[in-house]
Amino acid sequence: MQEPLLFLKNIHKEFPGVKALKGVDFTLEKGKIVSLVGTNGAGKSTLSSIIAGIYPPNQGEIFIEGKNVTISDPKVAEQLGIGIVHQEPTLVPNMTVVENIFLNKEITRSGFVLDINKMKQESEKVLEFLGFQIDVDKKVEELTLVEKEVVVIAKAMLLKPRILILDEVTAPLNKVEVDHLFKIIKDLKANGMGIIFIGHKLQEIIEISDSIMVFRDGKNVGELIPTEKLSEKEVIALMLGVILNEDLEAGEKAPESEQREEVLKLVSLSKLGLYEDINFTLHKGEIVGFAGLKGSGITELFQSLQGIITFDDGEMYVKGKRVKFKNPKDGIESGIGMVTNDRQKEGLALTLDVKENITVSSLKYLLNKFRLIETKLLKHNAEKYVQALSIKTPSINQFVQNLSGGNQQKIVIAKWLLKNLDIILVDEPTRGVDVKAKNEIYKLLINEKNNGKSLLVASPEIRELLTICDKILIVISGRIVSTVHRNTKEFNEEDILNIIHSAHHN
Amino acid sequence: MVSDTALLNRGSIISVKFIKDNMLIIILLLELIMGGILSPVFFGKNNIHSILINLTIFGLLAIGQSLVMLVKEIDLSVGAIMAFGPIAAIALTKEILAFSGTEIIVGGNYVVDGLALIIVLVLFISTLIGVLNGVIRVKAQVPSLIVTLGMLYVLSGMSYILSKGYSLYLTNLDGAKWLGSSKFASIPVNFILFLVVGILIILVLKYTKVGHRIYSTGGNEKAAIYSGINTNFWKVMAFGLSGLCAGISALVYSSRLESVETIQGSGYELISIAIAVIGGITLEGGRGKIFGTIVASAILVIMLNILSLVGLIAWYKTIIIGLIIIGAASQHAFSRRKTT
């Protein structure tokens, strides 16, 4: 019998204060895709980091094609034929695409001088193979998030690894791009590459994997084979050790909401090159979703509504009053807040702790009579939201950078909820967030809606929008092409996807 | 954003973009024109030589500082190295040659022998201090601002102790004034040295792996480490080169003045940072070009020269330098801002 491509035996890994892996076995065969799933902190990222040589295990052995190996650092991992694509793009912003792809693997003429042309050629070849057209002389900081993701994958593909680890690579991609990526992954698999796929979107995982390894609490609790019969519910159950009730009462209230008062109205809103002729009305206690492909302009529209950027033409009315925001402060004062799609850069103060992050925008309400911060009140409010949003943290004094993606996202949302604004814009509410936290966030948003708040939600995951929205606007290249209401027969994933595809191809 | 070139007549090569890209050179040319207008001696032989030697001294420091800033660090000790290097080298040479019976210092503080050994030791000691700065930075994880600031104070104190506060005169030392005063085809040798160093570093950064190592270490250290680059090594390397540049600058300086002052180079570290910033090197690391630093060195040195010729007293000069630094840094930041 042939040796497996990769075999990990009894892996233990401990960090100060936490046992991340408690005796894990793992097998990867040639030409197979194994997915690692589990809630954050369950151990899947730790395992992949060990395989990639980022740190060694405290205990346990690793075998590649039967041979016992020690993966002491990333370079050794590379030499062993292991490639990894990390969660956050690890690219140097001021260097070009080709320089990034070939970082530390540069091709030289006679050992010293860089062979720039050869590197450009090879880079273009890899990008072509991945099906993307990117100018390799462009500086990485000028690329879109998706393009950056592609460059990181190209980087990992350069040494033609036999084991490829993909950690949350589909997070910023929409369905069309994911399909494209999956086709590439299937090609690689057919060529004998062993692929470890880590992700949170169970639908995708069931689609792409040959087998699914479920992690819970540092242990491998089971392997599921995606057959016709395997449902997401089953995977989640194994991940959490419980049965999850997915029914959320979003549906029933919907048709009434349009009778309620208008909180936001947009008339022919346009911004050159980004979006055009946007018309819609948002009512009190309503959640409106925005679906679209890359380049749809939805993020920029949200930014215009909050005041981060300004729109060029058209009219905007908040509660009947005409407004045009010059900066986010104006937007907030009119009652609009935004949870952006990049919490690390735009949502959190990474050097501060949980309580400080939750209260940072509301400090003027937490002052005592001497106009100094009332610490007790601040802590009380922070505790309140940690409880209400089920934010998992050892204490409110924990630094936010130590928390998982899902909990970080909840903190950003808590920050805005504390301000008690009427309108909240949420761009990609569950990006990089695990299943359990996703559900909790959905419940959160629906709860706000039931309390009379109004929300605009943008997401590449149509399922997500279908779960929580009263109506979904479909935006293609900056224009609204269609609106789909809850409780109508078009309010399902397939029909919405069809609308997007056909509009896109026109 | 609509292209700037489209705003003007087709066929015109002077567009807004052209000015933006070549801002530094344009300013330099304007300065040269201004100099010629404001003073009849600006283009005279003596003045040119004065400009060139200052350019060499400050330019070398600025290049070393630029390398350190590119790896996202800072070196406040270069000025102090300019004094300590020669003083320690002379003290050490004195002891070494005293063994073989040669007395290199006579008449209290005239250095009369040992030039070769002194030069070698200056370069060695200054590089060593740079490396020491780097090692402390990476091993003890102390921010470079603190390390090099501490080093500045230590070196200043030691310079004073070793020299007992006296200047050391090199007028009776054969060959001492060669680096500072001799010319090759009527161009000062020191300036040629500066150009050679500058061009060499530019070529290495652009055409070899070294450039990628340095820019990635400063631009995104995590990405560099994940790619397997030894970022600690490159930081130490940058500090070492900074020290070496300070050493070479010290040689040029002392050769020109034919003396070694206890406090020479004092304050020069700030000028080297100012020049780097004007030239487009950022404090965040991984961004900026050495060519910019060289042009910025010229801009600063010529500006100071013009102000002297025009008769402006010293404190006005520092005001103007301050304004230039802020203006240049703002301009660089502005041209990188995303359009909204």
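The contact draws 18 residues from chain A and 17 residues from chain B, two residues being in contact if their C-beta atoms, placed from the backbone, lie within 7 Å. On the side of chain B that touches chain A, the elements giving two or more residues are α10 (209-219) and α11 (221-226) of chain B; helices (H or I, at least four residues) and strands (E, at least two) are DSSP runs, numbered from the N terminus. The largest share of this side, 5 residues, belongs to α10(B).

A word on the model itself: it is predicted, with local features needing pLDDT of at least 70 and side-chain atom pairs counting only at pLDDT 80 or more, while totals for chains, interfaces and linings use all residues. Residues are numbered from 1 along each chain as its sequence is written, and chains are lettered from A and ligands numbered from 1 in the order in which they are written.

Turning to helix α4 (residues 45-70) of chain B, its end C-alpha atoms are 36 Å apart, in agreement with the 38 Å that its 26 residues should span at 1.5 Å a residue (1.5 Å times one less than the number of residues). Of these 26 residues, 20 are buried, leaving α4(B) mostly covered (buried: 20 or more other C-beta atoms within 10 Å of the residue's own, with C-beta atoms placed from the backbone). After α4(B) comes K72(B), with a positive phi near 65 degrees.

Chain A holds an open sheet of 4 strands, ordered β14-β13-β16-β17 with antiparallel pairing; strands pair if DSSP finds at least two bridges between them. Because β14 (275-283) and β17 (321-323) of chain A are edge strands with a single partner each, one side of each lacks a neighbour in the sheet. Strands β13 (residues 262-271) and β16 (residues 313-318) of chain A pair over 5 bridges in the antiparallel sense, and K265(A) has Y317(A) in β16(A) as its bridge partner.

Note on methods. A residue is buried if 20 or more other C-beta atoms lie within 10 Å of its own, exposed if 12 or fewer, and partly exposed in between; C-beta atoms are placed from the backbone.
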